[in-house]
Each structure stands twice: as structure tokens, then as C-alpha cells.
Amino acid sequence: MTLDTIDSLAWDKAADGLLPAVVQDAATLRVLMLGYMDRAALARTLDTRQVTFFSRSRQRLWTKGETSGHVLDLVAVDVDCDRDTLLVLAHPNGPTCHLQRTSCFPEAPGEFLAELDALVAERARARPDGSYTTRLFDGGIRRIAQKVGEEGVETALAAVAQEDADLLGEAADLVFHLTVLLRARGLGLEDVRRVLRDRHRG
């Protein structure tokens, strides 16, 4: 969505000039919160690339995280088939819920591999003491690549000679170490997804 498409939305159906806006984590696909936008809030969101709502309690525009710093960086805005509900894809900077939870919906499902990828990326930046992931990054890319090779062989052998539980355990180890390897190269699982999507569409 762009600024010049705002007027095409079904504002005539909006109660008090407000459209509901469902916010979804662009990486994990977890639903984070529900807010409301008027024309000005949507325009500011698209202009600043930080998600802004109209606060019904304060009766003013409110940029999420303006006090806490837990802003929502905009990725995209989509609209439903009736053009009266918004889907906002964003990258959260910290917990979205005022209760310091990731989502205002405690049981909202998310994509776990994306969460793992984000955790590995954070470990690559922070390098916390005592973390196995930190030790992998500190060992360098050759060592990480060696681990991926080892886990790949172990996964193949488990597929031939071991039980399903063993195969799944080895596959999990392989995916984890591959995630670390990608992050060591400045890449992530989303980049792999993009290649797979392009191949599928092609």
C-alpha cells in the first residue's frame, strides 16, 4: 500500500473513521496486536515506516513504542477483500504487549524456525558468555561449516540405519547448525525461503 491508495479504502464503513489494523510479525507471522487507524495514522505509518495508530482512549495519534521504545518497524500494509480491515506486517523492537509479552495474544501461533533464526542472529550480535552458539561463532566459519558437514552425514546415516526419533534429532541438529552457518555469512533462513519460493514460482 502507498500513500496515494489511502483514499481507496472503505472509510465510509469505518466506525468513527477508524479501520481495525491487525499487526503481524513479518518474520515469525505471529499476530502481535490489534489497533485502529484513521487516515492520518495510516498516512504517518506509511510515511515514517513506524506503525502509528489512533488511540481511542487518548483521542490522538499514537506511535507504538513512543514511550517504551518498542516500536514496530513497518514492512508492508495489506487490506482485506472488503477494503475495511488492515493487515500490518512489521518487525517489532522488543515486546509488543504492555505486559512485556511478545504478543497481546499469549497463545498466538508463530513460525518457530523464524524465531530460532532471530535468536541465532541475536546471539551472533551479543555473543553471551557460556552459550554454545557463541562458541560456534567464535570458532569461525570453517568450524561451523565442518559442524554442518558432520551433522549432514549423521542425518544421512540415521535415515538409513536408525529409528525415526534418531533421524528427527539429527535433522534438528543439522537445521540448527545450518542456521548458524547462514548467520555467520550474514544470511538467514528467510533468504533460503526466498530462493525456494522463487524456484516454486518458476
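Let's start with a hairpin. Strand β3, residues 52-55, pairs with strand β4, residues 60-63, in the antiparallel sense, over 4 bridges. Strands here are DSSP runs of E, at least two residues, and helices are runs of H or I, at least four residues, numbered from the N terminus. Two strands pair if DSSP finds at least two bridges between them. F54 stands opposite L61 in β4. Between β3 and β4 sit 4 residues, and in that turn Q59 has a positive phi of about 55°.

A word on the model. It is predicted, so local features need pLDDT of at least 70 and side-chain atom pairs count only at pLDDT 80 or more, while totals for chains, interfaces and linings use all residues. Residues are numbered from 1 along each chain as its sequence is written, and side-chain values use heavy atoms, leaving out hydrogens and water.

Next, the sheet. It is open, has 4 strands in the order β2-β1-β6-β5, and its pairing is mixed. β2 and β5 are at the edges with a single partner strand each, so one side of each has no neighbour in the sheet. β5 and β6 pair in the antiparallel sense over 7 bridges. There, V79 stands opposite L86 in β6.

Now the inside. What is the size of the largest nonpolar core? It has 23 residues, and V23, M37, L42, V51, F53, L86 and V88 have the most contacts inside it. A nonpolar core is a set of buried Ala, Val, Leu, Ile, Met, Phe, Trp, Tyr and Cys residues joined through side-chain atoms within 4.5 Å. Buried means under 20% relative accessible area, exposed over 50%, and partly exposed in between, with a 1.4 Å probe and protein chains only. β5 gives the most to this core, with 4 residues. Apart from this core lies another, of 9 residues, including L116 and F176.

Take L86 again. Leaving out residues up to four places away in sequence, L86 touches, among others, M1, L9, M37 and L42. Contact means heavy atoms within 4.5 Å.

Last, the rings. The structure holds 2 aromatic pairs. One of them is Y132 with F176, stacked, at 6.2 Å centre to centre and 25° between the planes. Rings of Phe, Tyr and Trp (its six-membered ring) pair if their centres lie within 6.5 Å; planes under 30 degrees apart count as stacked, over 60 as edge-to-face, and the rest as tilted. Y132 lies in helix α3 and F176 in helix α5, so the pair ties together parts 44 residues apart in sequence. Buried or partly exposed: which is Y132? Y132 is partly exposed, at 34% relative accessibility. F176 is buried, at 18%.
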